[in-house]
Amino acid sequence: MGEKLRLQKYISRAGFASRRAAEEMIRAGRVKVNGHPAGIGDSVDADRDVVTVDGERLRVENSYIYVAVNKPRGYVTTLADERGRHTVAEIVAEEGVRLYPVGRLDRDSEGLLLMTNDGEFANMIMHPSRHVAKTYTVAVTPAATEAQLNQLAAGVELDGKKTLPAGVMLTNQTEDRSHLRITIHEGRNRQIRRMCEAVGLEVLRLKRVSIGPLALKGLPVGKYRVLTKQEVAALRRAAQSPERAN
């Protein structure tokens with residue numbers, strides 16, 4: 001006997017559709033298990049049962065799971081916390097397997113975080129030599145000057161080593177703050193915050209909105225979704241063909 005999964009989870013793990021979309025497919029009569037119409041609440045044996053959608057057989061080919069999380073502020077990017085703070089592991093607990101964060105977002109930062117149990121994939125995305133682009137929206141104070149923006153874009157020195165050139169765009173500005181969109185191609189500890197501090201800017205809010213080709217768009221705060229096979233493949237391509245810094 002194989003692992004028993006709720007049907008919508010099986011469809012999601014197969015990379016065919018999100019759980020919500022899978023439920024709609026089941027209700028619409030598009031899903032069959034062993035040739036019989038499926039119902040919401042059905043469970044399947046991942047090794048023995050045959051699941052089809054519109055006649056196409058689905059397969060969960062391995063035990064690897066890849067998810068995108070919209071991390072809220074106040075959550076720590078660890079699996080457990082001795083101080084009792086909320087962790088990102090809580091968000092994905094219903095998957096029933098231990099998923100590890102791919103990189104980090106500090107406690108006061110929010111936005112897109114990848115989690116997986118595929119160590120090779122995680123290393124590929126995180127490795128400095130891959131230069132996988134990561135884009136953030138950043139609110140800083142005081143209002144940034146052109147010179148400060150140029151400094152951020154050209155690279156600043158952190159721990160004795162200059163950061164790679166970054167994409168920096170001013171999206172809005174008031175008397176005492178600026179809203180920026182910053183794209184970096186490396187992942188040093190608290191890099192965006194430290195880059196801003198190095199040029200005299202304090203970060204008020206920091207949100208990661210994309211990693212390579214994967215965007216946060218549409219994922220509610222504090223929720224997650226399983227990536228499709230196409231999304232995982234696109235992330236792998238981004239890591240195998242490193243983007244050059246501007």
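This tour goes from the whole chain to single residues, one selection at a time.

**Before you start**

The model is predicted, so local features need pLDDT of at least 70, side-chain atom pairs count only at pLDDT 80 or more, and totals for chains, interfaces and linings use all residues. Residues are numbered from 1 along each chain as its sequence is written, and side-chain values use heavy atoms, with hydrogens and water left out.

**Stop 1: the whole protein**

Show everything as a cartoon. There are seven helices and 17 strands. Both are DSSP runs, numbered from the N terminus: helices are H or I with at least four residues, strands are E with at least two. The C-alpha atoms fill a box of roughly 65 × 35 × 35 Å along the principal axes. Of the 246 residues, 46% are buried. Buried means under 20% relative accessible area, exposed means over 50%, and partly exposed lies in between, with a 1.4 Å probe and protein chains only.

**Stop 2: the cores**

Select V67, V69, M115, V138 and I192. These have the most contacts inside the largest nonpolar core, which has 32 residues. A nonpolar core is a set of buried Ala, Val, Leu, Ile, Met, Phe, Trp, Tyr and Cys residues joined through side-chain atoms within 4.5 Å. In soluble globular proteins, nonpolar side chains tend to be buried together.

What is V67 in contact with, leaving aside its neighbours within four places in sequence? The partners are V92, L99, L113, L114, M115, Y224, R225, V226 and L227. Contact means heavy atoms within 4.5 Å. A second, separate core has 18 residues, including Y66, A122, L216 and V232.

**Stop 3**

Y66 is in strand β7 (residues 66–71) and F121 in helix α4 (residues 119–126), 55 residues apart.

**Stop 4: a buried glutamate**

Select E95, in the loop between α3 (88–91) and β8 (100–102). Is E95 buried or exposed? E95 is buried because its relative accessible area is 2%. Show its partners too: beyond four places in sequence, E95 is in contact with K9, R13, R19, I65, Y224 and V226.

**Stop 5: helix α6**

Select residues 191–198. Six of the eight residues of α6 are buried. They are Q191, I192, R193, R194, M195 and C196. Among the elements that cover them are β10 (134–141), α5 (146–154) and β15 (202–211). After α6 comes G200, with a positive phi near 90°.

**Stop 6: the cavity**

Select I125, M126, H127, P128, H131, V132, K134, H185, E186 and G187. They line the largest cavity, which holds about 40 Å³ of space. A cavity is a set of points, on a 1 Å grid over the protein atoms alone, where a 1.4 Å probe fits but cannot get out; lining residues have an atom within 4 Å of a point. The volume is the space filled by probe spheres set on the points, which are joined across faces, edges and corners.

**Stop 7: a glycine in a loop**

Finish at G29, between α2 (19–27) and β2 (31–33). G29 counts as partly exposed because its relative accessibility is 49%.

Note on methods: On a 1 Å grid over the protein atoms alone, a cavity is a set of points where a 1.4 Å probe fits but cannot get out, and a pocket is an open set with protein on both sides within 12 Å along at least five of seven lines; lining residues have an atom within 4 Å of a point.
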